[in-house]
Amino acid sequence: MAEAFLQVVLDNLSSLIKGEIGLIMGVDVEMNKLSSTLTTIQAVLEDAEQKQLESKPIQNWLGKLNDLAYEIDDILDECATHVSIMEHRRSSRYSLKKILFRRKIGRKMKQVTEKLDVVAAEREKFHLRDMPIDRAREVVATRETGSILDESHHVYGREEDKEKIVDILVNHVKDNQEISILPIIGIGGLGKTTLAQLVFNDQRVVEHFDKKFWVCVSDNFDLKTLIKGMIESLTGNGSASELVQLDTLQRCLRELLNQKRYLLVLDDIWNDHQEKWYALRNVLACGSTGASIIVTTRQKKVADVMGTLPAHNLTGLSEEHCWLLLRERAFGQEEKKYPNLEVIGKEIVNKCAGVPLAAKALGGLLRFKRTEKDWIYVKESKILDLPQEETLILPALRLSYHHLPLALRQCFAYCAVFPKDYPIDKKKLIFHWMAHGYISSNGILEVEDVGDKVCNELVLRSLLQDVPEREGNVFILHDLVHDLAQSIMENKVPGTKNVRSASNDKIRQVNLAKKYEAFPQSSRPEMEYMSYILKNFSRLRILEASYSGINELPSAVGNLKHLRQLNLSGNGIRTLPDSLCSLWNLKILDLYRCQRLVALPKSMRYLKSLRHLCLENCMSLSEMPSKFSELTNLRTLSLFIVGQNRGNQLEELQRLNLGGKLEIHHLERVKNPMDAKKANIGEKKDLRYLSLIWEGKNGSRLMEDVDEKVLEELEPHPNVETLQIIGFNGRCFPSWRTNSTLKKVVEISIKGCQNCLRLPHLRELPQLKILRLANLGIEYIVEDDVQGGDAVSVDFPSLEQLNLYDLPNLRGFFKDQVMREVFPNLLDLRIERCPCFKFPPLLFFKMMHTLRCTSSALASVSKLETLTFLEVKIDKNMTCIPIETLKSLTNLKKLEIDQTDEVCVRPEDGWLQYLNALETLYIVGWSELVELPEEIKHLKSLTRVGFYELPKMVCLPNALQHVSSLQNLVLSNLPQLDSLPDWLANFASLENLYISGCPKLASLPASIQGMPNLKYLYAFDCPELAKRCERGKGTDWHKIAHIPYVEIY
């Protein structure tokens, strides 16, 4: 990693020299000398990085170099900060204070130059080779693969993968005229080559293809070399080596493949240059139908360039298969059993993280070890502490690191700071890279955009993995990739190996809540106190103090001159010290959920480097400091509060190029619509979320008109994706160019606009997926009549979720009941406290799976075959469940019924008998309910039942005893429940029993001892039960001692 951080330092140094900072500070000669020496050293760092794995002296030399690189970085930062402040304040260069500062910097620069000369001279004795740094390093492959499978060892857990690929090759693409190319993607050691060998040698594949050949590509994607390898594999001799001309080679290969259905495996490809691949593909485009190529690679980017079929993403082996593999390597054919070692071995398997190479390597490491001590040592050691020459795990993974462009290496290695399996927020990661100086703006790209590209590149190279449900925003590292990053960081950052020997001025990052420091990483109990950190860690770039319980930020924070990021989110701070505004380099200030914060420092405008000010949920703020418009670098301002004085009104937003999320509060304070126009909201092309909030009631018609004109002037840029309007007092929404201004809007919320009787045109918005309406006076969502050609148009074509809350006058969706396609993609509909609402007749929701509404509304709808979740509130107009509607719910899996009025639902009405697919039943607040219908016993799929807030339930309904499929039972807030029946043991499949708020429940039935599958028992706010079931002491403890997880209090 030394070569990566050294490049960061060199880039900073080059920038300062170019900006003549050295001349201004009087250290131009020293800066140029430093640049020359560092460039000379950098030329040999690629070689040193590889050799330091076997050479302790080189490792120590790299450690010294890293120490110096960080020291130089600090000095350069001081220079840049001093000059920047001087230029902004237009102060004289020749004041005594500035002369003394330049003298101090000159002395530091001279000292560090002398130290660097010593380190540079040491490199000569290591005989390191110069290697270019302007391209990705070519790494010599540690092994060359072939098509022959090693049959001396069993292959575990890949049968399903093999079958899927064989099926594609033999059945699905056999008639394709073009070459079919199937990439197999996975991290190093996952078994991509082994899977390709399994497919290659499968008898069905052998019989299906006329020709099969295999080439191990690795780094050398040279056209002539590859064609020679293919000819050699096809002919079985070395005749191709005699051919020299590319044309001759191409013709020879074409003759061999002409009109043949062939299978080619290109193993271990790193090349992602399209032109190189296209040149090879053109040569191969001579086979018959069904000709196929399998490509194995670690990089999604390669698969995107080469693949014509969806990539096969290879996943890790199960723990069971990893254990079988490890056991085979550890014990071989030995017949003697070692049960004690097997227990330890199954724990060692956790280290493998599903990677076969790790299982084989660890098994091989244990091959001749038969003592518990040896096995425990491996179990308790980190992968990176085990002998690399024996395991070869990290060396195999290091190939991925060395193929990274130089600019990405530091960014990847930094990910070791996060714990294993930690979900890494993309924005947070980019902020950290910014704070440490690993990324910077590049031409027209802002630094955040550069960080976004780096994240995407690391994902494409399989070093970061998207979390599926939050794709593109949250990442994780595979455990072994985390070990790789950690091994790169080890010894590369000052003091990491021996944290106690690291001086405080080398610490770059501190987390107050978790009491650890990063760069180097360690834990210090004394870091509990903010004052200790501010006193001892003067070189910090990042100070993480979120949710640390602090209520005050000391003024000494102003001494952290190098600080780039300060995170105070989730604390009880009421005010911030003025000294905060002296942090000239501060780029990120995070105050998220500082709910007691009443004011920001008055001098905020002096934070000239500030790019991101996060103020979400700072609910106590009443106004902004004046002259926010001077923060011209600001890119994120999540909250702006309109003030009542000049200097903190909407026009302060005019010059700010804001992006991301912006909430504007107290718009009722805007008295002149021209002030709203000056905010220039429509020109802020990077805004994605805009929230416009009025917090006062304007009674007069005149003020309603003002609000309407203000909202008209706050028309957003067409790139906005989420729009929220709250408390708007006007009667009419603005005549924004609906289809152009809101063409990319995905989510709209309109709340508390009680004067509004008519919504804007929303039904034709092409991207709208979520619509939330609450506290409005509207009667219909769509008021306008549909005439002429519009009659066949689709209303709300993309809408997936519709929430309608507290709309007392709402009668329906459309005033015009003309039949046309509506809500074709609606999945989730929630209607609450809309007493007049009725579904239109014959309305059909062809995709909806979730519905929340009242029983009256439910009774007016039919055709709900797709519904899987229904939450219905029984209202005063109904005395029974609408059975006719329930008959259509043939796919319903979850039903929640909530009674809010004093009505009685009769269990004899048979409302459960039609719900054959039901898996979950929740019953809430039924004042009279004591029994369930007998037909519940016919619900063979029912696995979860919950009873909540049932004031008259004394015991469990008898009908429930026949539900043998039950796995989860919840009993919550049942004040009269005093016992559980002996037939509780009928629930042989029950795994979870949750009881809360049942004060009269004094004991559990003895039959609970006969429930072998019960794993979790939770009981809260049940004082009598808590006494009798006290762990090890209570009179009923013996009844539940067999349950693995018990929590009762």
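E1047 belongs to strand 35, which spans residues 1045–1048; helices (H or I, at least four residues) and strands (E, at least two) are DSSP runs, numbered from the N terminus. The model is predicted, with local features requiring pLDDT of at least 70 and side-chain atom pairs counting only at pLDDT 80 or more, while totals for chains, interfaces and linings use all residues. Residues are numbered from 1 along each chain as its sequence is written, and side-chain values use heavy atoms, leaving out hydrogens and water.

E1047 counts as partly exposed because its relative accessibility is 39%, given that buried means under 20% relative accessible area, exposed over 50%, and partly exposed in between (1.4 Å probe, protein chains only). Although E1047 and L1017 are 30 residues apart in sequence, their C-alpha atoms are 6.3 Å apart in space. If residues up to four places away in sequence are not counted, E1047 touches L1017, Y1018, A1019 and F1020, where contact means heavy atoms within 4.5 Å.

Helix 15 (residues 339–348) has L341, I344, G345 and I348 buried. These residues lie on the same side of helix 15 because they cover an arc of only 105° around the axis, the arc being that of the directions from the helix axis to the C-beta atoms. P339 and V343, on the other side of helix 15, are exposed. The cover over the buried residues of helix 15 includes the elements tabulated here.

| Covering element | Residues |
|---|---|
| Helix 14 | 319–331 |
| Helix 16 | 356–365 |
| Helix 17 | 372–380 |

An open sheet is formed by 3 strands in the order 6-8-7, with antiparallel pairing. Strand 6 (424–425) and strand 7 (465–466) stand at the edges with a single partner strand each, so one side of each has no neighbour in the sheet. Strand 7 is joined to strand 8 (residues 474–476) by 2 bridges, and two strands pair if DSSP finds at least two bridges between them. D466 has F475, in strand 8, as its bridge partner.

The largest nonpolar core has 168 residues, and F813, F947 and L969 have the most contacts inside it; such a core is a set of buried Ala, Val, Leu, Ile, Met, Phe, Trp, Tyr and Cys residues joined through side-chain atoms within 4.5 Å. Helix 26 (residues 701–713) contributes the largest share of this core, 4 residues. Another core, of 128 residues, lies apart from it and has A330, F331, A416 and I488 among its members.
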